[in-house]
Amino acid sequence: QVQLVESGGGLVQPGGSLRLSCVASGFIFSSSDISWYRQAPGKERELVASISSTGGSTNYADSVKGRFTISRDNFKNTVYLQMNSLKVDDTAMYSCNVKLGLFRRTSYWGQGTQVTVSS
């Protein structure tokens with residue numbers, strides 16, 4: 001079955017960095033676009049970044065452009081989110097997502113990893 005397992009979250013001070021990982025299994029990873037989302041308490045889930053199957057195309061939310069970098073290793077079935085210059089507003093649960101099936105209508109999520117930015 002499809003599995004997405006995130007790791008790398010934690011507590012970091014403002015201005016610090018973290019690298020999140022999402023290890024995937026149960027589908028053809030190298031043919032699938034992957035996205036990172038986040039959700040803070042009381043807020044709607046937000047698309048943070050996405051990467052195409054080959055890694056040749058990436059997209060970012062305006063709020064993270066220039067600070068976050070999404071990448072992937074198709075040999076390791078892993079997507080990364082490098083987060084630099086972290087702000088308090090980046091505090092959220094971060095989850096990776098893949099959409100599969102006909103017209104990519106079926107959405108799969110990992111359990112998430114918590115990122116807390118606080119002094």
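User: Two strands pair if DSSP finds at least two bridges between them. Which residue in β8 stands opposite Ser-71?

Analyst: This is a predicted model, in which local features need pLDDT of at least 70, side-chain atom pairs count only at pLDDT 80 or more, and totals for chains, interfaces and linings use all residues. Residues are numbered from 1 along each chain as its sequence is written, and side-chain values use heavy atoms, with hydrogens and water left out. Strands are DSSP runs (E, at least two residues) numbered from the N terminus, and β7 and β8 pair in the antiparallel sense over six bridges. In β8, the residue opposite Ser-71 is Tyr-80.

User: Which strands are the edge strands of the open sheet of four strands?

Analyst: The sheet runs in the order β1-β3-β8-β7, and its pairing is antiparallel. An edge strand pairs on one side only, and here the edge strands are β1 (3–7) and β7.

User: What does the twist average from one strand of this sheet to the next?

Analyst: Axes are lines fitted to C-alpha atoms (for helices, over the stretch in contact), and angles run from 0 to 180 degrees between N-to-C directions. In the open sheet β1-β3-β8-β7, the average twist from one strand to the next is 15 degrees.

User: Which strands does the disulfide tie together?

Analyst: The structure holds one disulfide (a pair of cysteine sulfur atoms within 2.5 Å), which joins Cys-22 to Cys-96 with an S to S distance of 2.0 Å. The link is right-handed, with 65 degrees about the S-S bond. Because the two cysteines lie in separate strands, the pair ties together parts that are 74 residues apart in sequence, namely strands β3 and β9.

User: Which residues are linked in a network of salt bridges?

Analyst: Glu-46 bridges to Arg-38 with its closest N and O atoms 2.8 Å apart, while Arg-67 and Asp-90 meet at 2.7 Å. Glu-46 is partly exposed at 28% relative accessible area, Arg-38 is buried at 7%, and both Arg-67 and Asp-90 are buried. The linked residues are Arg-38, Glu-46, Arg-67 and Asp-90.

User: Which residue's backbone nitrogen does the side chain of Thr-113 reach?

Analyst: Thr-113 lies in strand β11 (residues 113–117) and is buried, with a relative accessible area of 9%. Among the residues it touches (heavy atoms within 4.5 Å), not counting those up to four places away in sequence, are Glu-6, Leu-20 and Tyr-94. At 3.0 Å, the Thr-113 side chain reaches the backbone nitrogen of Gly-9.

How values were computed:
Salt bridge = Lys/Arg side-chain N within 4 Å of Asp/Glu carboxyl O. Buried < 20%, exposed > 50% of the residue type's maximum accessible area, 1.4 Å probe, protein only. Polar contact = N/O pair within 3.5 Å; in protein donor to acceptor, adjacent residues only side chain to side chain.
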